[in-house]
Amino acid sequence: MEKLKVHVKYKSWILVGVFVLLIFLDLLFKYLEEKFAWQCVIIPGWVEIRYGFRNAGCAFSFLNENPQIGQPLLITVTFILFAALAFIFIVMKEKYVITKTAIAIIAAGAVGNLVDRLWFFEVRDWFGLNMFGTGLVYCNFADFFIVIGAILVVIDILFLEEWSVWPLTKKAKAGAKLREEKEQAEKEAKEAKEAAASGNSQPAGTDNALNSTQAQAGPGTGASVPPAECEDPFAESKAPDKDAKGTEGPDES
């Protein structure tokens, strides 16, 4: 596993600036909504701006009826989420700029609503949106930041980065190919290591050739090649001389 390192360079510092700016915009619009008591219908029944909507829970008014439980729980979860996002942002390489951008946007939304929970013990909502045709749901810029950041992360993971499930861009396809080659090389190295550890690292076919040679040599010889016949250098001199014998005269004795 690659050792985790800090990767915070100029791109990351730009995103930190975006993070701060988004928090400022969210809190500014919440302040203006309260100061001027906005009342504006943009698309009747679908989009409007209304002053005075407060949410003691979270998305879709979850835990709104039990703020004594909901608020401490949500504050704690937000702190944990922010710490996790900050850690990922710091150790993630600069080349993953889309994911780091998404993290900065999500973190800005989380902090924007966290300020409201700590200061007012509720979240100031002012933007009404009919998303599913069932009525207006009120939210704020911080909620939009969280949703937009989450969508960016999903798109990046599915299509854009080298770890993409379905790589579409040239960068994603090249990264996927490189990852496959690396995994194949690691697999082959692992198999070779296991083969060497089990004593099977000699070339295939060696055992069969050795057994065949021993079978030809005969049992019990212990030799892999049958011994060659040795000629006696004195065999010719020891053999009886037939020609000499055939011409031998009678025994004079």
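A salt bridge here is a side-chain nitrogen of Lys or Arg within 4 Å of a carboxyl oxygen of Asp or Glu. The model is predicted, so local features need pLDDT of at least 70 and side-chain atom pairs count only at pLDDT 80 or more, while totals for chains, interfaces and linings use all residues. Residues are numbered from 1 along each chain as its sequence is written, and side-chain values use heavy atoms, with hydrogens and water left out.

The structure holds eight salt bridges. In one of them, the side chains of E48 and R50 meet at 3.2 Å, N to O. E48 sits in strand β2, residues 47-55; strands are DSSP runs of E, at least two residues, and helices are runs of H or I, at least four, numbered from the N terminus. E48 is buried at 9% relative accessibility, and R50 is partly exposed at 25%. Buried means under 20% relative accessible area, exposed over 50%, and partly exposed in between, with a 1.4 Å probe and protein chains only.

Next, E34. What does E34 meet in a salt bridge at 3.1 Å? The partner is R54. E34 is in helix α1, residues 10-36, and R54 is in strand β2, 20 residues apart. R124 also forms a salt bridge with E34, with the closest N and O atoms 3.2 Å apart. R124 lies in strand β3, residues 123-129, and E34 in helix α1, so this pair ties together parts 90 residues apart in sequence. R124 is buried, at 7%, whereas E34 is partly exposed, at 31%.

Finally, the network: D26, K30, E33, E34, R54, D116 and R124 are linked by salt bridges.
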